[in-house]
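Subject: Structure for your review

Dear colleague,

My notes on its packing and its aromatic residues follow.

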Amino acid sequence: TERMQRKGITMLLIDITLPVTPEMVQSARHPETKTPEGHIGTHFDVMDREFPLAYTKRPGIAFDVRGVLEREIERSDIDLSLIPSGGFVALYSGFIEREAYGSETYRKAHPQLSYRLIEALVSQGTSIIGIDFAGIRRGKEHTPADQFLADRGVFIVENLCFLGDVL
């Protein structure tokens, strides 16, 4: 960071991960809310792929999509031309701030990305999609959508927090 400051670049580090409490872990073990291991709090859905170490340093952009309610988040809701090649795209819906993490509503009624947006993010060369909700698609569509992206070298990071701080 010292070298970056000499070049006039300011680096700001903001933790956008959800703290995991012992209560969250216990709740995830409950038969009605059983969560697959590794899917508590902020996490990557890597699927059957390997997460490239180079992806830990990505240019990124966050989009405010809080105004998108009662419909899917569409490609027209963000400016695709602003996405850096190979970049990290974060979508700030505010959902994790409105709904209790792990609740039934949080797990089953979260925002979704349209398939058109998912395909557009792949076409833009996005490497990571970050969201402040439980998945880019709901229910039975969650895993196939994550696998579709992983097969194309794009990974999802779910349950981000404080994305409003990076806008």
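A residue is called buried under 20% relative accessible area, exposed over 50%, and partly exposed in between (1.4 Å probe, protein chains only). Phe 51, at 23% relative accessibility, therefore counts as partly exposed, whereas Phe 155 is buried at 2%.

This is a predicted model, in which local features need pLDDT of at least 70 and side-chain atom pairs count only at pLDDT 80 or more, while totals for chains, interfaces and linings use all residues. Residues are numbered from 1 along each chain as its sequence is written, and side-chain values use heavy atoms, with hydrogens and water left out.

The rings of Phe 51 and Phe 155 form an edge-to-face pair, because their centres are 5.4 Å apart and their planes lie at 65°. (Rings of Phe, Tyr and Trp, the last by its six-membered ring, pair if their centres lie within 6.5 Å; planes under 30 degrees apart are stacked, over 60 edge-to-face, and the rest tilted.) Together with Tyr 55, these two residues form one aromatic cluster.

The largest nonpolar core has 28 residues; such a core is a set of buried Ala, Val, Leu, Ile, Met, Phe, Trp, Tyr and Cys residues joined through side-chain atoms within 4.5 Å. Leu 121 is among the residues with the most contacts inside this core, and is buried with a relative accessible area of 0%. Its contacts (heavy atoms within 4.5 Å), not counting residues up to four places away in sequence, include Ile 78, Ile 83 and Ile 129. Leu 121 and Ile 83 are 38 residues apart in sequence and 8.7 Å apart in space, C-alpha to C-alpha.

Yours sincerely
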